[in-house]
Amino acid sequence: MTVEIQQFIADYWADVDENRGQGAPEFYTEDCVLYVGSDRTFEGRAGIVDFYRYRADRGERTTRHATSNYQVVPLSDTSAKVTFVVANYASDGPPPITGSKGPSLVSRVDCELHCKEPGLWQIKSLRGTPLFIGDEPYTVAVLVEGRHDAKVGD
């Protein structure tokens, strides 16, 4: 179960980084909840579509999410709670990004997962709690200043 879940999480972040999250809704249950920062909640797959459409509509952005420190707690054969750390390197524009001094964000992530069928996990809830916030303008604007407009950092 732990290996399946780690691969599932890696596949999710790969979609976010390499496909701008356009496949992300398929990683979530129909009744999911995504908590972004301390003041934004997206519910259901329609909410996930809205969240990733907003990200894509802002323009080209280079991201890489690196995960570690997995703790998987099976609740049953078809559900689990997962906690891990994600270091997010991000900047507006195409790669290569120069001048980066470290991750733009390091967060604790708490997920509740459901196994739809053998080997097919989905996210029922995902909450990222920022631990360290770098100086990347958009990340600071959203998580520190509470601004969510498309013009941040321009």
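Which residue in β6 is the bridge partner of valine 109? Hold on to that one while we look around together. Hi everyone! A quick word first: what you see here is a predicted model.

Let's start with the sheet. Six strands make up an open sheet, and reading across, the order is β2-β1-β6-β5-β4-β3. The pairing is mixed. If that word is new to you, strands of a sheet pair through backbone hydrogen bonds, and they can do so either parallel or antiparallel.

Now, which strands stand at the edges? They are β2, residues 40-43, and β3, residues 61-76. Each has a single partner strand, so one side of each is left without a neighbour in the sheet. On average, neighbouring strands of this sheet are turned by 15° against each other, direction ignored.

Two helices pack on the sheet. Helix α1, residues 2-19, touches β1, β3, β4, β5 and β6, and its direction makes about 155° with that of β3. Helix α2, residues 44-57, touches β1, β2, β3 and β6, and its direction makes about 50° with that of β1.

Back to our opening question. The partner of valine 109 in β6 is glycine 128. Another bridge pairs leucine 105 with isoleucine 133 of β6. These two strands form a hairpin with 2 residues between them, and there glycine 119 takes a positive phi near 80°.

Finally, β5 also pairs with β4: the two run antiparallel, joined by 10 bridges. You can find threonine 83 opposite aspartate 110 of β5.

Key: Residues numbered from 1 in each chain as written. Predicted model: local features only at pLDDT ≥ 70, side-chain atom pairs only at ≥ 80, totals over all residues. Heavy atoms only, no water. Pairing = 2+ DSSP bridges. Helix = DSSP H or I, 4+ residues; strand = E, 2+ residues; numbered from the N terminus. Axes fitted to C-alpha atoms, helices over the stretch in contact; angles between N-to-C directions. Contact = heavy atoms within 4.5 Å.
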